[in-house]
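Please keep the sequence and the structure open as you read.

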Amino acid sequence: MTQRAIVKRRLGAGRVEIAVKRVSACSHNCADCAGCASMIHTPEVTAVAEDTMGAQAGQQVTVESASKPVLWYAFLLYLLPFAGLFGAAVGLQCFGEGVAAMGAVAAFVGVLAGVSIPLERYLRRHKAVTYRVVAVER
């Protein structure tokens, strides 16, 4: 997966601090869709990238990250809650409304406590998603 970023500063040892603008599906053409104006100011995400290209502060670069870990984390964080919702729907038909509601709440809490929070801690500690500068544009 590649993205464009701005180099904020050099960190030494072949690393740079980069700022990546978060991209959304919004085209920012509010006249056409009459959508919200809250997406006009997209937040920046700051990360550290390996740099073998010699990028300097202020330059725009293309960074690359491995797609496999990102897709795996997206699977865990998005599809597991969906599986819990599906399980709650099956429980509703098999066991009745009360049991299914308790099961849905338990599935939500279980995914949050058992997957989301430990996964975020693991990613921060091990820096599992790494970026690498592949091109310097300016």
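Glutamate 44 counts as partly exposed, at 44% relative accessibility; here buried means under 20% relative accessible area, exposed over 50% and partly exposed in between, with a 1.4 Å probe and protein chains only. Lysine 8 is also partly exposed, with a relative accessible area of 42%. The side chains of glutamate 44 and lysine 8 meet in a salt bridge, at 3.8 Å from N to O. A salt bridge, as used here, is a side-chain nitrogen of Lys or Arg within 4 Å of a carboxyl oxygen of Asp or Glu. Because glutamate 44 lies in strand β3 and lysine 8 in strand β1, the pair ties together parts that are 36 residues apart in sequence. Helices (H or I, at least four residues) and strands (E, at least two) are DSSP runs, numbered from the N terminus.

Before going further, please note that this is a predicted model, in which local features need pLDDT of at least 70, side-chain atom pairs count only at pLDDT 80 or more, and totals for chains, interfaces and linings use all residues. Residues are numbered from 1 along each chain as its sequence is written, and side-chain values use heavy atoms, with hydrogens and water left out.

## Other salt bridges

The structure holds 5 salt bridges. One of them joins arginine 10 to aspartate 51, with the closest N and O atoms 2.7 Å apart. Arginine 10 lies in strand β1 and aspartate 51 in the loop between β3 and β4, so this pair links parts that are 41 residues apart in sequence. Arginine 10 is partly exposed, at 34% relative accessible area, whereas aspartate 51 counts as buried, at 5%.

Arginine 132 and glutamate 64 form a salt bridge too, their closest N and O atoms being 2.3 Å apart. Since arginine 132 sits in strand β5 and glutamate 64 in strand β4, the pair ties together parts that are 68 residues apart in sequence.

## The barrel

Read along the sequence, the protein chain follows the pattern β-β-α-β-β-α-α-β, with 3 helices and 5 strands. How do the 5 strands close into a barrel? They do so in the order β1-β2-β3-β5-β4, with mixed pairing; two strands pair if DSSP finds at least two bridges between them.

Strands β4 and β5 run antiparallel and are joined by 5 bridges. Valine 63 has valine 133 in β5 as its bridge partner, and serine 65 stands opposite tyrosine 131 in β5. By contrast, β3 and β5 pair in the parallel sense over 2 bridges, and alanine 49 stands opposite tyrosine 131 in β5.

## The nonpolar core

The largest nonpolar core has 12 residues, among them Val16, Ile18, Val20, Val63 and Tyr131. Such a core is a set of buried Ala, Val, Leu, Ile, Met, Phe, Trp, Tyr and Cys residues joined through side-chain atoms within 4.5 Å. Strands β1 (2-12), β2 (15-21), β3 (44-50), β4 (60-65) and β5 (131-136) each supply at least two residues of this core, and β2 gives the most, with 3 residues.

## A loop residue

Which residue has a positive phi although it is not a glycine? That is alanine 13, at about 55°, and its place is in the loop between β1 and β2. Alanine 13 is exposed, with a relative accessible area of 82%.
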